Amino acid sequence: MHSFQQWVGDGEIRLGALRQFTAARDLIAEPFLGRYTVWESSGSGGGEHGIFVQDAAAMAVYDALEAVRRIALRPGMRLVDPFYLGERIVFVGATSGHFASAVSLERIRRLNPLLAPRLRSVSILQALDKQIAELHALQPTVVATYPSVAVLLAEEHHAGRLGIAPQEIWTGGETLTANMRAMIEKAFKCPVVNSYGASEFLTLASQCRCGALHLNSDWAILESIDEDGRPLPTGTAGASVLLTNLANRLQPLIRYDLTDSVTLHAGSCACGSSLPVIEVLGRRDDMLRLIGDSDQSVRVVPLALTTVLEEEAGLFDFQIVQQGPRDVALYSGLRGNTAAAALTRAKAALGAYLKRQGAHHVRIHCYGGVPAKLGTSGKIRRVIGMHCSP
């Protein structure tokens, strides 16, 4: 982002104007300069927000990949309703910023007035009981969310507190393990379809009928690398992966470090697709299980925590580590007065959010000048939990 003006391919696009644009929540999915789609990353690499600009040609590629390569979980329904006009689709996630998922949802609503009433969103920054109330009112047939949120909803459904009956669940944005998939499918008695994407390329890989993720290698190149940036052979899990985006010529991304651990496989898939199979070890953040009022268990989704700290406190260099049922440590690599001010804001925002979730007496301990520890994937684990019970 420090070299943005030398990087972007349209001289009319200015970084300052983009920052003002993405700061305005009422402009989500509005075309920038009347012709460009804009979204921002979550700053998950420990730095500032990335801002990504797409022209109409890039968006056409993303739309086509999503339309053509997303498997039909209910083929019969798609034959009679190919445009999902009979579905009630609800996205449960971070809706307050110009994030790719929020922009994509609102963009579809604006482009397709017939589908707009069928597309809704529920913010994960609300208290869980409010999320459940909204889902009860909406009664979605399709739920799109992050794997950790899907697990939380499955637990609520199993406990009898969430009464919805989705026919499909779409996940992305985090690692979906086999155990997580099985748990979600068992709770809701419906199939789960996973995908892999990023702010830097919206639809990198789609799941086939055999459950494998196939890289859209006709529009994106992924190169798995080790800790020193050296290329790795096929079948080896890398410390990171380099992305080359072949669709976005406005803001070219060439061998861009995504910091995901990805394994590229050479063998063919039983589904018959010629696209390569990949395994992704992406975000491995934990759900926090805290003790709230009246000693009840309060579960806190990691992406909600990171969104609160980034959006409300403006803190991007952080790591949250649960130290006990009512104790959380907040670390930042920032030092001096800058760290003190940032951590003061962060503590207030985090404390207010936890209170909204019913965890009023959680102690937040702040430490500056402490670099984040890397997880087994080589990525920074932003949220590290522990198993605790009342």
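Q: Is His361 buried or exposed?
A: His361 is exposed, as its relative accessible area is 54%. Buried means under 20% relative accessible area, exposed over 50%, and partly exposed in between (1.4 Å probe, protein chains only). This is a predicted model, in which local features need pLDDT of at least 70 and side-chain atom pairs count only at pLDDT 80 or more, while totals for chains, interfaces and linings use all residues. Residues are numbered from 1 along each chain as its sequence is written, and side-chain values use heavy atoms, with hydrogens and water left out.

Q: Where is His361?
A: His361 lies in the loop between H10 and strand S19 (363–368). Helices (H or I, at least four residues) and strands (E, at least two) are DSSP runs, numbered from the N terminus.

Q: What does His361 touch, not counting residues up to four places away in sequence?
A: On that count, not including residues up to four places away in sequence, His361 touches Asp293 and Arg326. Contact means heavy atoms within 4.5 Å. The C-alpha atoms of His361 and Asp327 are separated by 8.9 Å, with the two residues 34 apart along the chain.

Q: New topic: which residues of helix H6 are buried?
A: In H6 (residues 128–138), the buried residues are Leu128, Gln131, Ile132, Leu135 and Leu138. They cover an arc of only 130° around the axis, which puts them on the same side of H6. The arc is that of the directions from the helix axis to the C-beta atoms.

Q: And what is on the other side of H6?
A: Asp129, Lys130 and Ala137 are exposed there, on the other side of H6. The buried residues of H6 pack against strand S3 (89–93), strand S4 (119–123), H7 and strand S16 (297–300).

Q: How do the axes of H7 and H8 cross?
A: The axes of helix H7 (residues 147–158) and helix H8 (residues 178–188) come within 9 Å and cross at roughly 40°. Axes are lines fitted to C-alpha atoms, for helices over the stretch in contact, and angles run from 0 to 180 degrees between N-to-C directions. H7 and H8 are therefore oblique to each other. Angles under 35 degrees count as roughly parallel, over 145 as roughly antiparallel, 65 to 115 as roughly perpendicular and the rest as oblique.

Q: Which residues make the contact?
A: On H7, they include Pro147, Val151 and Leu153. On H8, Met180, Met183, Ile184, Ala187 and Phe188 take part.

Q: Last topic: which residues touch the most other members of the largest nonpolar core?
A: In that core of 67 residues, they are Val92, Phe188, Leu305, Ile320, Leu330 and Leu354. A nonpolar core is a set of buried Ala, Val, Leu, Ile, Met, Phe, Trp, Tyr and Cys residues joined through side-chain atoms within 4.5 Å. Helix H10 (residues 336–356) gives the most to this core, with seven residues. A second, separate core of 28 residues includes Met59, Tyr62, Ala100 and Leu213.
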